[in-house]
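Visitor: Could you walk me through this one? I'd like to start with the pockets and then look at the strands.

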Amino acid sequence: MKDLSEIDAIAFDLDGTLVDSAPDIRHALNAALEEAGLEHFDLDTVRAWIGDGPDALIACALCGHGLDADEAARARLRKAFDAATLAAPLQSGRVFHGIAELVAGLARRLPLVVVTNKPTPLARAVLDAAGLLPFLSAVHGADAAAQRKPAPFLLRAAAHRLGVAPERLLMVGDGPADVLAARAAGCPAALVAWGYGECAAAAAAAPAWRLATPQQLLLTALASRAPRSEAMTND
């Protein structure tokens with residue numbers, strides 16, 4: 001994608017795209033497991049499970065322990081996971097290098113939203129702790145299993161709320177679910193090189209603009225989009 005002149009808004013994935021939250025997700029998962037009397041998992045293992053939301057993460061952990069827990073046990077683990085996340089949303093993780101500048105610069109030119117498989121309350125807590133929430137028009141989290149990417153539900157909801165056509169909403173993410181959700185919703189996609197997703201696998205899922213650094217996206221926006229106040233004055 002050479003410019004953003006045909007883009008009216010941008011949707012960002014959260015974990016692995018805006019923030020390196022794997023250490024905090026590991027902490028929350030292990031806190032929930034410890035409360036249930038189960039052993040912890042290391043960071044590399046947990047990082048490989050990130051992307052489908054906490055319920056899928058908990059399912060992976062239970063599978064890793066060779067357990068098939070009932071619904072009540074899963075609910076207890078999820079409650080403990082949520083509590084640990086809200087208590088320390090971004091204590092050990094970090095905003096990826098260049099993202100703060102990217103989001104601040106883009107917000108002067110385009111409306112920005114987050115579209116994530118993390119439930120909305122948890123996503124908002126992480127974004128607030130990261131200092132990114134003030135730059136966003138909305139946060140669309142997966143509050144039900146059917147809403148999770150690669151389903152197009154959240155992207156379509158974001159486009160509708162923003163009042164833009166899906167084909168003018170750019171989805172920026174780090175994994176196959178982001179690219180596939182964009183394709184299903186009729187949105188263009190950009191795939192970042194710095195996240196948790198398998199870049200080659202994600203690129204193979206559907207055509208996507210490849211972003212090596214956050215600065216690449218910001219420079220493209222600066223070259224092709226006037227600041228929002230200027231654009232409004234010129235209309």
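Guide: In the lining of the second largest pocket, the largest share comes from H4, with five residues. Helices here are DSSP runs of H or I with at least four residues, strands are runs of E with at least two, and both are numbered from the N terminus. This is a predicted model, where local features need pLDDT of at least 70, side-chain atom pairs count only at pLDDT 80 or more, and totals for chains, interfaces and linings use all residues. Residues are numbered from 1 along each chain as its sequence is written, and side-chain values use heavy atoms, with hydrogens and water left out.

Visitor: Which elements give two or more residues to that lining?

Guide: Helix H1 (22-35) and helix H4 (71-87). Residues lining the second largest pocket include Ala-32, Glu-35, Leu-62, Arg-76 and Lys-79. A pocket, on a 1 Å grid over the protein atoms alone, is an open set of points with protein on both sides within 12 Å along at least five of seven lines; a cavity is a set where a 1.4 Å probe fits but cannot get out, and lining residues have an atom within 4 Å of a point.

Visitor: How much space lies in the second largest pocket, and what's its lining by class?

Guide: About 180 Å³. A volume is the space filled by probe spheres set on the grid points, which are joined across faces, edges and corners. By class, the lining has nine nonpolar, no polar and three charged residues. Ala, Val, Leu, Ile, Met, Phe, Trp, Tyr, Cys and Pro count as nonpolar, Asp, Glu, Lys and Arg as charged, and the others, Gly among them, as polar.

Visitor: And the largest pocket, which residues lie nearest its centre?

Guide: Trp-49, Ile-50, Gly-51, Asp-52 and Asp-174, out of 25 lining residues. The largest pocket holds about 440 Å³ of space. Helix H2 (43-49), helix H3 (54-64) and helix H8 (176-185) each give two or more residues to its lining. The lining of the largest pocket divides into 10 nonpolar, six polar and nine charged residues.

Visitor: How many cavities of 30 Å³ or more are there?

Guide: The count comes to one. About 40 Å³ of space lies in the largest cavity, and the residues that line it are Ser-21, Asp-24, Ile-25, Phe-81, Thr-85, Pro-89, Lys-118 and Val-126. H1 and H4 are the elements that give two or more residues to that lining.

Visitor: OK, switching to the sheet. What's the strand order?

Guide: E5-E4-E1-E6-E7-E8, six strands in an open sheet with parallel pairing. Two strands pair if DSSP finds at least two bridges between them.

Visitor: Why is one side of E5 and of E8 left without a neighbour?

Guide: Strand E5 (138-141) and strand E8 (209-211) stand at the edges and each has a single partner strand, so one side of each has no neighbour in the sheet. On average, neighbouring strands of this sheet are turned by 25° against each other, direction ignored. Axes are lines fitted to C-alpha atoms, for helices over the stretch in contact, and angles run from 0 to 180 degrees between N-to-C directions.

Visitor: How many bridges join E1 to E6?

Guide: Four, and the two strands run parallel. Ile-10 has Leu-170 as its bridge partner in E6, and Ala-11 stands opposite Met-171. Towards strand E4 (residues 112-116), E1 has three bridges, with Ile-10 opposite Leu-112.

Visitor: What about E6 and E7?

Guide: Three bridges join strand E6 (residues 169-173) to strand E7 (residues 189-192), which run parallel. Gly-173 has Leu-191 as its partner, while Val-172 stands opposite Ala-190.

Visitor: Are the faces of E6 covered or uncovered?

Guide: Both are covered: Leu-169, Met-171 and Gly-173 on one side and Leu-170 and Val-172 on the other are all buried. Buried means under 20% relative accessible area, exposed over 50%, and partly exposed in between (1.4 Å probe, protein chains only).

Visitor: Back to E5. Is His-140 buried or exposed?

Guide: His-140, found in strand E5, counts as buried, because its relative accessibility is 10%. Leaving aside neighbours within four places in sequence, its contacts (heavy atoms within 4.5 Å) include Val-113, Thr-116, Leu-154 and Arg-161.
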